[in-house]
Structure formats: C-alpha cells, structure tokens
Amino acid sequence: MSQHRSLHPATLLLLGSRHVGIVLFTVFALFPFVWAASVAFSADTTYMWVFPQAFIPHRPSLDWLVRVFHEIPLMIYLRNSLLIATFTTLGVLLLAVPCGYALAQIDFPGRRALFALIILTMMLPTETMIIPNFLTCIHLGLLDTWTGTIVPNIASALGAFMMRQAFCDLPRETLDAARVDGASEWQVLWRIAFPLALPMAGALATLTFVAAWNDYLWPQVILNSQDKVPLAVGIFHDLTGEFSTSTSLLMAAITVSVIPVLIGFALTQRYFLSSSLVGRQAI
Amino acid sequence: MALPGVRPATGWLFVAPFCAVFAVFILWPLGYNAWLALHDYFLQTGHTQWNGFANFVMLTWPEREFGPALKNSLIFLVLVPMLQIAGLGLALLLHRPFPGAGLIRALCYVPVIIAMSIAAVVWRQAFAADGLVNSFLATFGIISAQNPPLWFSRENLALYPVILFAFWKNLGFYMVLYLAGLQSVPREQHEAAILDGANRFERLRHVTLPALQPVILLCTLLATIYALKAMQEPLYLTRGSAHTTTALLYVWNAAFYGHQFGYAAAAGLIVTVICLMLALFQFRLLGEHGRLRQGNAT
C-alpha cells in the first residue's frame, strides 16, 4: 500500500522538486568557491569569465598557487590571524564563564539589571563603537598593538549570555553538594559547573574564533604595520591593491586562504550546525 | 533564597572582570557617541565643543545625502523576507534525514564562516562587466552580451548585487536556526494531520508554521537588525561608492574620510536608537519573562 503511494505522480514530482531545490541552493552557496578554485588551478585563462566553462580548470597547474606564497606574506598573515583569534577566544572565555556563572547561579544585587544591559547591547551596531574605541586606544597607547586588537573584543555580551544559559540548566543539588563539602565558589565553577557546560563553551569558543578570524574593520583601524595584520585585512588589501590586475593570482590567494578555514570548519561543524546548541543560543 | 556560603560579594567578584572591559569598550563608546553627537570634534587638538543639535540639523540637509543612505538601508530590508523564505525553505528541504544531508547542511553553511572581506573579492569579480554573472545571464538571453550592465556603477542597479551578496552570506545561518526550530515541532501533530488527510501544504500551513512562530519572529528581528546595520557588504563590494552607501557606511565615511567625528556620531546615534528600539521589542517578546516564553502566544 505504502509502496503504491510513493509511486504516485504528485509524490514523484514533489520528490523531484525537492532534489532540484537542494541542488540549486547548494550550487548557489558554493559557486564562488568552485569558480575561485577552478581559476586558481587553470594555466589557461581564456575561459575564466565564460559560463559554464569557468567552473572547470583548463590546463590544470599549480603555478598560481605557488606564486601566491612568493608574492603575498601569507604565512605571516596566517600566524597573525591565529594569534589574534586564539587570544580573543581565551579572553572571551575567561571573562564570560565566571560572569555567566554568577548571572545564573549567584544571587547578588544588580544581577537582573546587568543581564538586561548585556542583552540590549547584543543587538547594537558595534560599528559605531569603533570611533570611540579608536580614541580610547590612542589614549591608552594601544595603537598598532595586538593588545589593542584583542582587548576591546573580549567583553562579549553574546558570550556572557550563552554561558548564563548553559549554567542555568545545571541541577542546583549538584552544586550545593559541593558547596556543603566546603568547596569555594571558584572551585565549584571550574571543577563542577564548567565541565558540565563544556558543549556551550565549545560553541562559544568556535563562534568567537571564527568572528575574530574574519574581523576586518577593527584590526584594519587599529593596526598599521603590514607584519601585524591578520589574513582578512592583509589579503583584502593585497587583492584590491597591487594584485587586483591578475585575477588568477587573486583567485589563487583566495583559494589558499579559504582552505584552512574549511578544514577547521569540517572539524568543528557540530558547534555550528547541531540544533541543540543553536537552539539554546538563540531561541 | 540564600545559598549555603555564597555571598553577594562573590557574585560581584565573578562579574567584575567582564564588567570592567564591558564598561570601557562597550558602554563607554555608547555614551561617548551620544555625547559626541552634540559636539564638534577637532581632530588636530582633540578638543570638543558643544554645538547644540547642529549635527542633527546638518543630517537633514539634502546636499549631505544622509537621506539616500537611510533609504538604501531601508531597501536593504528586502533581505528580511528573502532570508526568511529561503532559510525556511532550505530547512524544510533538509529537515528530513537522507544520505548526505549533513554534508549538504555543512556546504550551505560555508558562506557564513568565510571572511566577508575575502568572499566579497570573488563576488566583485563575478559582477564585473565581463564577469561570470553577465556571462551567465547572457547564456540564458536575459541580457545582451554586447551591452552588458555595469552592475556597480549604475545608480539604480548597484545596491542589488550587494543585497544578493548579503543574502548569500547569511542564508546558511537562518537555515540552521530554522532547522533547530523544526526539531521542536511536535511529531504527534503531524501524524494527527496526516490521519485527518491533510496534504503537505496544509500540514505546512496549519501545523509547521504555527509551531514555528517564535522562531520566525526571532529570525525576522535578527534579520531586521542585521539589515539595518549593513555596512561591510557595500564597503567591500563597491568601496562604498555613492549608490550603495548605507546609513552605517555613511557614519564610517563621515568619520574616517570626512574626519567629522561629531557629525558621524549623530548619524550613528540614529541607527543605534533604531536598533535599540528593535532590541527592546525583542527583549519584551523573547526575553526571560517575555510573552513568548510564558506561552501566551499561540
């Protein structure tokens, strides 16, 4: 009976349109990467602008990719991105974990007001904060330093919010048992509560790392030296400046810079895509 | 109420490091911007001078072109329905498990995690006069190959590639939110509807969509705030040429190219206030004691 139903023309049509829909969305999401990679791997540039030939490498070669490493200080940008993103992530966790814990588990005057403030600022445009923060950093002598790049980004309202959500879920009895045993609140946090909130901390770390890795505006404002800028800034400036004339080289640079991100994403994708974590953050 | 051995001071101690950085780099800029909006800032000396509401008055002058920038930000709002319809559509396509579903979800999410500045370089190439998009459109006879449109230099055209780019960049994010929402739709309701003979579209209309209402509302608010805040997309794609200037990009240009920090702060304050009102609205609805949390909305 059910087999007969699945052969119904309307069902077949629906199944067909479902597959077409999936393919169309996937192609739309990926075409810039496929195009960039195919141009980067082509020695023959004649078809680079022609649909649909542009999506297949012509006379495949690695020449452009090799040239990228000679012409753009990719390894320096990569190191800078790694450093900035790692320390931003550590900073966010170090501040957000105790803050979220206190907001969730400790009664203190001002708790509700602080939480409301955190939620409200989550939605405000951070771009308008760049000018005052730039002036602050001038006064603090943080111009063109990694400290100045990292510190203004570590008070993450989203981070405090996410960690609070995670700590709210913990059973009170577990924490109280440790408190009765004489553990200090600091010990309760790091030895008992934090391990239980690890999935959320992982999600927060991943989100923060990616945001810091991709950030362009703030590092661009605060850093002047070419040997300090991260990938997102350095590549963009090189590609829109001196290399904008060679599309092949540009696509090769993009391909090379996207590959580490794709590998990192493949390893951490559950933090982005798992519905339980996403649901807890946003809904 | 009181916990064994937990004093309020401990709570303050725990939030103190966060609050210190938060106050200096989040709250101070907000306050300083509001103050700066009422002043002239002299970059050479760092002096400021009260000028009443002159900055706000200047914003209304036609030759200052803040109006067109605001208009572009409003046009950007077409992103909101685009992202909801496509995000929900994609989530519905990928909701039921099939071999490779996880991979497809991940692939659709890739644009979200790529640096916008780098992805924009490819898009700029794709929309060049002799670029891939024009070649694609010419293949299907939508435009003529001899006289291709110059996307970024035409006043009435330039904003649309920018919006499409923003759509491409964010679609995966909304897909994931809607996928999470679809998980929470009660299976029993679907089964009951099937028993009642409801077809797919009736089930979508009468079971799925009502159950998704809080998610749709949340996503709509997030997308609205996102669209109003758009500035990086036009900055990367067109270097902020006049036709694609959004409200926040206007703020950016006024500060970093015009060096009119007070004037820029006034324009920024307007955007901030709009976002603040939307955030308050969201907080009322979706916050801890919001109406949707208490299950009042059906």
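A residue is called buried here if 20 or more other C-beta atoms lie within 10 Å of its own, exposed if 12 or fewer do, and partly exposed in between, with C-beta atoms placed from the backbone. The model is predicted, so local features need pLDDT of at least 70 and side-chain atom pairs count only at pLDDT 80 or more, while totals for chains, interfaces and linings use all residues. Residues are numbered from 1 along each chain as its sequence is written, and chains are lettered from A and ligands numbered from 1 in the order in which they are written.

Helix H8 of chain A is a place to start. Helices (H or I, at least four residues) and strands (E, at least two) are DSSP runs numbered from the N terminus. H8(A) covers residues 157-168, and its twelve residues should span 16 Å at 1.5 Å a residue, which agrees with the 16 Å between its end C-alpha atoms; the expected span is 1.5 Å times one less than the number of residues. Because nine of the twelve residues are buried, H8(A) is largely enclosed by the rest of the structure. Among the buried residues are Phe161(A), Met162(A), Met163(A), Arg164(A) and Phe167(A).

Chain A as a whole has 15 helices and zero strands, and 46% of its 283 residues count as buried. Its radius of gyration, taken over C-alpha atoms, is 24 Å, whereas a compact globule of 283 residues would have one near 19 Å; the globule rule is 2.2 Å times the number of residues to the power 0.38. Along the principal axes, the C-alpha atoms of chain A fill a box of roughly 75 × 75 × 30 Å.

An unreviewed UniProt entry lists several stretches of chain A as "transmembrane region", including residues 146-167 and 188-213. UniProt positions are given in the numbering used here, feature names are shortened, and annotations may be inferred rather than shown by experiment. Residues 146-167 of chain A are 73% helix and 0% strand, with end C-alpha atoms 31 Å apart. Residues 188-213 of chain A are 96% helix and 0% strand, with end C-alpha atoms 32 Å apart.

The contact between the chains takes 75 residues from chain A and 85 residues from chain B, two residues being in contact if their C-beta atoms, placed from the backbone, lie within 7 Å. Helix H2 (residues 9-40) of chain A gives twelve residues, the largest share of the side of chain A that touches chain B.

Confidence is given by pLDDT, the predictor's score for each residue from 0 to 100. Chain A averages 87, and 94% of its residues score at least 70.
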